[in-house]
Amino acid sequence: MPATISVVIRRLGLVFGELRWRPHHDAISELILTILSQHTSDRLSGRAFAQLLARFPDWDAIRLAPVEEVLDCISPGGLSHVKAPRIQAVLEQVLAGRSSYDLDFLALLPLDDARQWLLQLPGVGPKTAACVLMFALGRPALPVDTHVHRVSQRLGLIPPKMSADRSHEYLENMIHEHEIYAFHIS
């Protein structure tokens with residue numbers, strides 16, 4: 001089946017152009033943006049992220065702010081009552097464990113170790129961890145969002161009843177590392 005995926009990616013590349021990885025944000029920004037994107041559209045999460053950055057001068061200010069201020073700031077993204085305390089808890093845990101908000105060290109760890117480090121953060125699941133690893137650090141981690149999961153099922157790449165969480169590793173093992181970004185974006 002990996003050959004089939006490679007053929008599809010190659011054909012899509014002929015039509016739409018070759019997709020090359022490009023970093024979106026630094027890793028902590030990507031982490032916070034991805035938390036904001038949970039259960040909402042890119043447009044709304046992007047708006048909430050922009051408002052968060054406009055309102056607070058740095059990650060410390062967000063971490064230390066009254067939760068109501070963060071909640072109000074990110075409300076356009078939805079589920080702010082869940083996401084505001086989660087973001088503050090993540091920032092607290094990252095700072096406590098690393099003494100900074102710099103997550104570039106994850107680029108140097110074996111992929112599974114980097115993924116496990118992210119998964120121990122509050123509210124971080126396989127998709128969020130993969131987004132940080134792929135979009136910020138260029139690692140071959142495959143985020144399986146609703147779209148990727150649904151299309152993979154329709155194409156018969158994953159079993160019909162396989163959950164999105166289980167399909168991360170399953171699909172990653174089927175796709176060549178250099179094709180993971182193009183597979184996700186396509």
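Figure 1. The protein has eleven helices and zero strands, where helices (H or I, at least four residues) and strands (E, at least two) are DSSP runs numbered from the N terminus. Read from the N terminus, the order of elements is α-α-α-α-α-α-α-α-α-α-α. This is a predicted model, in which local features need pLDDT of at least 70 and side-chain atom pairs count only at pLDDT 80 or more, while totals for chains, interfaces and linings use all residues. Residues are numbered from 1 along each chain as its sequence is written, and side-chain values use heavy atoms, with hydrogens and water left out.

**Figure 2. Overall dimensions of the protein.** The C-alpha trace spans about 50 × 35 × 30 Å along its principal axes. Of the 186 residues, 44% are buried; buried means under 20% relative accessible area, exposed over 50%, and partly exposed in between (1.4 Å probe, protein chains only). Contact means heavy atoms within 4.5 Å. Among contacts between residues at least 6 apart in sequence, 60% join residues at least 24 apart.

**Figure 3. Helix α2 against helix α8.** Helix α2 (residues 27-37) and helix α8 (residues 126-136) pack at an angle of about 140 degrees, and their axes are 9 Å apart. Axes are lines fitted to C-alpha atoms, for helices over the stretch in contact, and angles run from 0 to 180 degrees between N-to-C directions. The two helices are therefore oblique to each other: angles under 35 degrees count as roughly parallel, over 145 as roughly antiparallel, 65 to 115 as roughly perpendicular and the rest as oblique. On the α2 side, Ala27, Glu30, Leu31, Thr34, Ile35 and Ser37 meet Lys127, Thr128, Cys131, Val132, Phe135 and Ala136 of α8. By class, this contact of α2 with α8 has seven nonpolar, three polar and two charged residues. Here Ala, Val, Leu, Ile, Met, Phe, Trp, Tyr, Cys and Pro count as nonpolar, Asp, Glu, Lys and Arg as charged, and the others, Gly among them, as polar.

**Figure 4. Thr128 in helix α8.** Thr128 is found in α8. With a relative accessible area of 3%, Thr128 is buried. Leaving aside neighbours within four places in sequence, Thr128 is in contact with Leu31, Thr34, Ile35 and Gln38.

**Figure 5. Helix α2 against helix α3.** The axes of α2 and helix α3 (residues 42-55) come within 8 Å and cross at roughly 130 degrees. These helices are therefore oblique to each other. Ser29, Ile32, Leu33, Leu36 and Ser37 of α2 meet Ser45, Gly46, Ala48, Phe49 and Leu52 of α3. The residues of this contact of α2 with α3 divide into six nonpolar, four polar and no charged.

**Figure 6. Ser152 in helix α9.** Ser152 lies in helix α9 (residues 146-154). Its relative accessible area is 1%, so Ser152 is buried. Not counting residues up to four places away in sequence, Ser152 touches Leu157, Ile158, Leu171 and Phe183.

**Figure 7. Glu68 in helix α5.** Glu68 has its place in helix α5 (residues 67-74). Glu68 counts as exposed because its relative accessibility is 55%. Glu68 and His81 are 13 residues apart in sequence, and their C-alpha atoms are 8.6 Å apart in space.
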